[in-house]
Amino acid sequence: MKRVLAVMACGLALPLPGAGAAAQAPGPDLLLTRAERSEFRETTRYDEVVEMVGRMAASGTGVHLATFGYTAEGRAIPLLVVGAPDASPESVLATGKTRVYLQADIHPGEVDGKEALLILLRRLAAGEYSAWTDSLVLLVAPIYNADGNERIRLDNRPRQHGPVGGMGQRANAQGLDLNRDHTKLDSPETRSLVRFLNAYDPHVLVDLHTTNGTTHAYHLTYAPPLHPNTAASLVRLLRERWLPEVTARVKAKHSWDFHFFGDAVRTPDGGQGWATFDHRPRFSNNYAGLRNRLGILGESYAYATFEDRVKASLWLVEEILDLSWEHAGMVRRLVEEADRESVVGRELALRAVAQRTGDVTILMGEVDEERHPYTGAVMLRRRDVRTPTIMADMGTFRASETAVAPEAYYVLPEARAAIERLEAHGVTVVRYAEARTVDAERFVVDSTTVAEREFQGHRERTVWGRWTAERVTLPEGAAYVSVDQPLGRLAFTLLEPRSDDGFTAWGFLDPEIGAGSFPVLRVPARR
Ligand SMILES: [Zn+2]
């Protein structure tokens, strides 16, 4: 209670733009991030974030505060809503505006986005960017992996150029990488996020990170959804129009270079390639894509200074918001069309591999070695060098194995882990109250292997087999999952036995497979 009052008092005393000339203490520093207050030696802690956003929300400037769930250690995950009368999903949806979700700190060693979003929110509270809310609602989660954020160490991400006062750890408190959890939903954070997505339904999603690898010349790299099953119209908009436009605008305004995310790799023919990361929907941008939404990954460059990385993250977000505002109606229309478009009967990817699509000129960079002032460890600092280098473009994926999307799936009631997760994702599932006999295809497992090494608490299962047509009696409680629904692309990926990011791969069907039956049946598409 005491704390609430303190926050209220600070909020009331906040210097408001236009009306705040005579505002008294607290001083203007109150909404500065810890990064700004420490000359970018330190990053903002959870309690400081909560206090700052509480002040913003209490200032009466149209920034509303909610929480959308909890971390494993019980920290409420803050959500700021700007552009709606209040923070409830009902009010947000009722505006009819285009909804943009901005997320940072999923990997809390990569803290630049958190500082950038706090600066963005402060400016919004001060009345800057006021045009955006004509057609947009902003949904902002600056500190998604709050537990990881609090596990500060000076030797987390040691080669990154600061913050030298330390940064959080990559994993959540369960030791899970939250950016591998979007299909399996093993963490309360991801379950909170998916509940949020189902309630607020953002059209555009931006997830802010920092790079790990190649020394290139870009201050920031980005990626659209990479799964080959993503609605083509969404990928085209981002890949061919928005992301190049972001690059052009940032170059014109700030003279920095942005580009598609990649690492320089050796190609099989001994050349060099610019390879992106992974197509699977366990990653946030790919997951958003399979939900028919515009998912964008942002990666500030690890060896730029912390201050420059915060700027780069902020500038990416500003340009995405400008584009979302300029094309707000078109975004809603594209997303609605993708939701209506049925994939039943279409050949979709079960697994995918990186593909080579011509050549691309990459600006390679250089770094200087510096010593961390407090640990003596080597850290790297970007040098202002741009070396254009032609290499193979390996920025997209193609299907390496496909199946025709069926009309529907049946999931047997014993596969509780699968049914429960489908429902958590927001897939429409109909549970049968009575047994019934249907014509369906059953998957007969010929052979199966399990990965030797555990990954994120699971040993990946691979199955081989064939579908056979049968008349099957489904018991009471069996689940019917139509593929002709907005989340049909996601349902296909989760339920197909050969999918490389489905429930079979994650081991959720192991008990049934071990007992000799595969608990997902399908109704083939009519030819
Ligand atoms: Zn990351």
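When I say that residues meet or are in contact, I mean that they have heavy atoms within 4.5 Å of each other. Helices and strands are DSSP runs numbered from the N terminus, with helices being H or I of at least four residues and strands being E of at least two.

This is a predicted model, in which local features need pLDDT of at least 70 and side-chain atom pairs count only at pLDDT 80 or more, while totals for chains, interfaces and linings use all residues. Residues are numbered from 1 along each chain as its sequence is written, and side-chain values use heavy atoms, with hydrogens and water left out.

Let me start with helix 8 and helix 13. On one side of this contact are R191, V194 and N198 of helix 8, and on the other E420, R421, A424 and H425 of helix 13. By class, these residues are two nonpolar, two polar and three charged, where Ala, Val, Leu, Ile, Met, Phe, Trp, Tyr, Cys and Pro count as nonpolar, Asp, Glu, Lys and Arg as charged, and the others, Gly among them, as polar. The two axes are 8 Å apart and the helices pack at an angle of about 50°, which makes helix 8 oblique to helix 13. Axes here are lines fitted to C-alpha atoms, for helices over the stretch in contact, with angles running from 0 to 180 degrees between N-to-C directions; under 35 degrees counts as roughly parallel, over 145 as roughly antiparallel, 65 to 115 as roughly perpendicular, and the rest as oblique.

Which residues of helix 13 are buried? In this helix, spanning residues 416-425, they are A418, I419, R421, L422 and H425, buried being under 20% relative accessible area, exposed over 50% and partly exposed in between, with a 1.4 Å probe and protein chains only. Because these residues cover an arc of only 165° around the axis, they lie on the same side of helix 13, the arc being that of the directions from the helix axis to the C-beta atoms. Their packing partners are helix 8 (188-200), helix 10 (284-290), strand 15 (408-411), strand 16 (430-431), strand 19 (479-482) and helix 14 (488-495). Just after the helix, G426 takes a positive phi of about 95°.

R431, which lies in strand 16, is partly exposed with a relative accessible area of 41%. Leaving aside neighbours within four places in sequence, R431 is in contact with P413, I419, E423, G477, A478 and A479.

Finally, the cores, a nonpolar core being a set of buried Ala, Val, Leu, Ile, Met, Phe, Trp, Tyr and Cys residues joined through side-chain atoms within 4.5 Å. In the largest, which has 65 residues, L102, L120, L121, F258, L316 and L321 touch the most other members, and helix 11 (residues 306-326) gives the most to this core, with 10 residues. Apart from it lies another core, of 55 residues, including L139, Y287, V411 and W506.
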